[in-house]
Amino acid sequence: MKTNKGLKTLVLAILIFSAFALAGCGGDQSGNTIDEPEITTDYLHGEYSDQLMTDGAVTMLGSVDITQDGESYIITVTEKEVVANSGYEEGYYIADTNITKEASLGLYSRMTCVIDGEEQVVDADTFIENSSDDPDTLYTVFFMGDSAELVLATDPADVMIE
């Protein structure tokens with residue numbers, strides 16, 4: 001009888017411990033991140049891009065073409081620079097630097113695209129459908145190693161070289 005009571009106490013203790021262990025700490029967690037921020041254009045242009053640069057990302061400004069290759073996506077960036085020139089209506093022109101880089105989109109890459117006059121966070125398929133073939137449409141691409149982790153729609157006036 002004494003053994004039976006001890007066994008019941010042990011089983012009860014294991015069940016209580018398991019319930020606490022499986023329930024976690026009660027905080028909202030996503031992977032190792034607690035309370036992941038809402039993914040907005042402001043967040044991607046600010047905090048997220050700053051973190052990528054801190055982690056060693058390299059940026060490239062240019063026109064972008066994304067194609068699907070089976071399950072993955074390939075991005076081709078043709079580097080451009082925005083040069084100030086009062087002889088143009090906008091006060092600048094976009095020059096091609098004749099440098100092209102091709103990379104895969106990272107598994108968790110983020111991107112923005114201007115749709116109906118408003119910059120929006122989009123996935124690769126939506127980007128392909130809505131990105132413009134206009135060479136004046138520029139994007140800042142953040143590369144980590146051989147993959148593009150962030151693609152941001154960029155206003156040429158914001159990156160003009162004097």
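Which elements each supply at least two residues of the lining of the largest pocket? They are β5 (92-115), β7 (138-144) and β8 (147-154), with helices (H or I, at least four residues) and strands (E, at least two) taken as DSSP runs and numbered from the N terminus. The model is predicted, so that local features need pLDDT of at least 70 and side-chain atom pairs count only at pLDDT 80 or more, whereas totals for chains, interfaces and linings use all residues. Residues are numbered from 1 along each chain as its sequence is written, and side-chain values use heavy atoms, with hydrogens and water left out.

**The whole chain**

Of the 162 residues, 30% are buried, where buried means under 20% relative accessible area, exposed over 50% and partly exposed in between (1.4 Å probe, protein chains only).

**The largest pocket**

Select the largest pocket next, which has a volume of about 290 Å³. Among its 18 lining residues, V114, L138, A153, T154 and D155 are the closest to its centre. A pocket here is an open set of points on a 1 Å grid over the protein atoms alone, where a 1.4 Å probe fits, with protein on both sides within 12 Å along at least five of seven lines; lining residues have an atom within 4 Å of a point. Grid points are joined across faces, edges and corners, and the volume is the space filled by probe spheres set on the points. The lining divides into seven nonpolar, seven polar and four charged residues, with Ala, Val, Leu, Ile, Met, Phe, Trp, Tyr, Cys and Pro counted as nonpolar, Asp, Glu, Lys and Arg as charged, and the others, Gly among them, as polar.

V114 stands opposite E119 in β6, and β5 and strand β6 (residues 118-122) pair in the antiparallel sense over five bridges; two strands pair if DSSP finds at least two bridges between them. Two residues lie between the strands of this hairpin; D116, in the loop between β5 and β6, has a positive phi of about 55° although it is not a glycine. D116 is exposed, with a relative accessible area of 79%. Select N98 in strand β5 as well, where phi is positive at about 65°, again without a glycine; N98 counts as exposed at 70% relative accessibility. Most residues other than glycine have a negative phi.

**The nonpolar cores**

Now show the largest nonpolar core, in which I75, L105 and F127 touch the most other members of the 20 residues. Such a core is a set of buried Ala, Val, Leu, Ile, Met, Phe, Trp, Tyr and Cys residues joined through side-chain atoms within 4.5 Å. β5 gives the most to this core, with five residues. Centre on L105, which touches I66, Y73, I75, M111, A124, A148 and V151, not counting residues up to four places away in sequence; contact means heavy atoms within 4.5 Å. A second, separate core of eight residues includes L52, A57, F142 and L152.

**Last stop: T140**

Finish with T140 in strand β7, which is buried with a relative accessible area of 16%. Leaving aside neighbours within four places in sequence, T140 is in contact with T59, M60, L61, L150, V151, L152 and T154. The C-alpha atoms of T140 and V64 are separated by 9.1 Å, although the two residues are 76 residues apart along the chain.
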